[in-house]
Amino acid sequence: MGELRIEGDEILAVSPEGKRETLKLDVLYERVAGLRMETGGLVLPDGVKAIRSDGSVTIWVHQTPPRVYKLKWIAKDSPSRFGKDCTYRDITIGLPYMIVLAVFTRSREGYTTLSKLNECFFTNQSLTSLQDPLFYPALLNCSKFDPPDGKPLSWICTQHLVRDFDTEPDENVRLRRGFIALMRCLMEAGFNYSSEEHEASSWFTESSTVSPDIADIDKWQEATKIDPLFVLDLDWLPTNHSVEEVIQRIFKQQNAKSPKFNNAKAIERLVFSHKRQKLRRAKLAKAAEEQPDLAGLIQEF
């Protein structure tokens, strides 16, 4: 048997005959890892067009094709613009391609779960590249921030999203359930003027200049009856960002940085961090046996 030893940013190999060779650690990891394109144990929901990861942040790029939706929209005579006293009516409108960026982050215990910073956009064509441009969605509950620095461009309001998926131990199930909960919160929870009250505005209000056919929800319904796909001919408000640029913007906001193990000290930190994660997971597993309701622990994630 020979000897392997890490010294600084290199690994030293000594053969049984005494031959010595060194290799930079980053070159070693590149050679060992190779090219990998896979989803591991995840079975992705229909419509996920791409996945990007950096550090502890993973983003699913999901596309919903153009279609006619029946939505819960705030009633004209609603006593409140949002909240428990808000009342709704059913409306039927056509939407173009809808792009949702579902953002997943990893907890201290190593569990990955849906974040609270997910975004929604429109396009008039199916995505073929991450360089394709994105447009703001003319929807209530998709928030504009002013100034936008450090904030999502088109934040999906998830204040009332039920996070029971957080207690699911199976990652495949947890991430799929989290994504389904996000889409239901976006499309089924009821569209109101919360964004106008708590953020700068909603992108529905901001899009009133796009076309007279969508400036008013009743006009949008009438236009949909005439041509369900007229929305594909509208010039939606541009974000002036591509899909990739929005992804990188999210990574920057989340301070997502893939760890670099290119020296002995970094590898030492990895080893001790792994031990701490194992202890936390053991604590969580023990608590789960003693108390099935993990809501309190989940808040620590």
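Colleague: What does the protein chain average in pLDDT?

Modeller: This is a predicted model. In the protein chain, 84% of the residues score at least 70. The average pLDDT is 87.

Colleague: Which strands stand at the edges of the open sheet of three strands?

Modeller: The order is β1-β2-β3, with antiparallel pairing. An edge strand here has a single partner strand, so one side is left without a neighbour in the sheet. On average, neighbouring strands of this sheet are turned by 20° against each other, direction ignored. The edge strands are β1 (3-7) and β3 (20-24).

Colleague: Which residue in β2 stands opposite E7?

Modeller: β1 runs antiparallel to strand β2 (residues 10-14). Five bridges join β1 and β2. Opposite E7 stands E10.

Colleague: Is S242 buried or exposed?

Modeller: S242 lies in strand β15, residues 238-242. Its relative accessibility is 6%. Buried means under 20%, so S242 counts as buried.

Colleague: Which residues does S242 touch, not counting those up to four places away in sequence?

Modeller: S242 belongs to β15. Leaving out residues up to four places away in sequence, the residues that S242 touches are L130, Q131, D132, P133 and L134.

Terms used:
Residues numbered from 1 in each chain as written. Predicted model: local features only at pLDDT ≥ 70, side-chain atom pairs only at ≥ 80, totals over all residues. Heavy atoms only, no water. Helix = DSSP H or I, 4+ residues; strand = E, 2+ residues; numbered from the N terminus. Buried < 20%, exposed > 50% of the residue type's maximum accessible area, 1.4 Å probe, protein only. Contact = heavy atoms within 4.5 Å. Pairing = 2+ DSSP bridges. Axes fitted to C-alpha atoms, helices over the stretch in contact; angles between N-to-C directions. pLDDT = per-residue confidence, 0-100.
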